[in-house]
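Please read this briefing beside the sequence and the 3D view. The notes are grouped by topic.

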Amino acid sequence: MPAKIKETLESLEPFNFIEFDQDMVSKALASIKQDSSPGSVGIEAKVFKYCNEELSPILSRLFNLCLRSGRIPAEWKVAFIKPIPKPKADKRQVSSYRPISTLPPIAKVFESLISRQIEVYFEQNELLSENQYGF
């Protein structure tokens, strides 16, 4: 490993997730697209959006339990996969489709909260190159 990279890695503060407060969860719930699929859990996205005030205290506790235990409910990991045809492709060919996976809204909210913390850590520690694009 090059010395500069090793020095940078050694100087970094370790990454630790911080627990979610109700406000963080409430903002994440408010950002849900209400027409999202309910996924395998079967709870419509609009329920999470419209019951934000009632659900944010409960979900913040649940999400924090997931953080502390390092586990999430198995149902949150189940995705429904739907084949979507590529534009102007021969619909008779399997290769003309791309898979779209649909996760439950509760999983999307949890993942968005996790993702934001990782993003902030990378930004604060300047770990992303200015030339980083896409994924």
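The buried residues of helix H4 are covered by parts that include helix H2 (22-30), helix H3 (45-50) and H5. Cover is judged here by contact, which means heavy atoms within 4.5 Å. Helices are DSSP runs (H or I, at least four residues), numbered from the N terminus. This is a predicted model, in which local features need pLDDT of at least 70 and side-chain atom pairs count only at pLDDT 80 or more, while totals for chains, interfaces and linings use all residues. Residues are numbered from 1 along each chain as its sequence is written, and side-chain values use heavy atoms, with hydrogens and water left out.

**Helix H4**

- H4 runs over residues 52-69, which makes 18 residues.
- From its first C-alpha to its last, H4 reaches 24 Å, close to the 26 Å expected at 1.5 Å a residue; the expected span is 1.5 Å times one less than the number of residues.
- A kink of about 25 degrees is centred on Ile-58 in H4; the bend at a residue is the angle between axes fitted to the seven residues ending there and the seven starting there.
- Asn-52, Ser-56, Pro-57, Leu-59, Ser-60, Phe-63, Asn-64 and Cys-66 are the buried residues of H4. Buried means under 20% relative accessible area, exposed means over 50%, and partly exposed lies in between (1.4 Å probe, protein chains only).
- After H4 comes Gly-70, with a positive phi near 75 degrees.

**Salt bridges**

- How many salt bridges does the structure hold? There are four, each being a side-chain nitrogen of Lys or Arg within 4 Å of a carboxyl oxygen of Asp or Glu.
- Side chains of opposite charge can pair when their charged atoms come close.
- Glu-19 pairs with Arg-68, and their closest N and O atoms are 2.5 Å apart. Because Glu-19 sits in the loop between helix H1 (3-11) and H2 while Arg-68 is in helix H4, the pair ties together parts that are 49 residues apart in sequence.
- Glu-19 is partly exposed at 43% relative accessible area, whereas Arg-68 is exposed at 55%.
- Lys-27 and Asp-23 meet in a salt bridge at 3.3 Å, N to O. Both residues lie in helix H2, four residues apart, about one turn of the helix.
- An α-helix has 3.6 residues a turn, so residues three or four places apart point the same way.
- Lys-27 is exposed, at 56%, and Asp-23 is partly exposed, at 44%.
- Arg-92 and Asp-90 form a salt bridge as well, at 3.1 Å from N to O. Arg-92 is exposed at 74%, while Asp-90 is partly exposed at 32%.

**Nonpolar surface patch**

- Which residues form a nonpolar patch on the surface? They are Phe-17, Ile-118, Phe-122, Leu-127 and Leu-128, with about 390 Å² of accessible area together.
- Patches are made of residues with over 30% relative accessible area and no salt bridge; like charges are joined within 9 Å, and nonpolar side chains (Val, Leu, Ile, Met, Phe, Trp, Tyr) within 5 Å. Areas come from the Shrake-Rupley method with a 1.4 Å probe, and for residues only the protein chains shown count as cover.
- Phe-122 is placed in helix H5 (residues 105-124) and is partly exposed, at 31%.
- Leu-127 belongs to the segment after H5 and is partly exposed, at 30%.
- Leaving out residues up to four places away in sequence, Leu-127 touches Leu-12, Tyr-121 and Phe-122.

Technical notes
Helix = DSSP H or I, 4+ residues; strand = E, 2+ residues; numbered from the N terminus.
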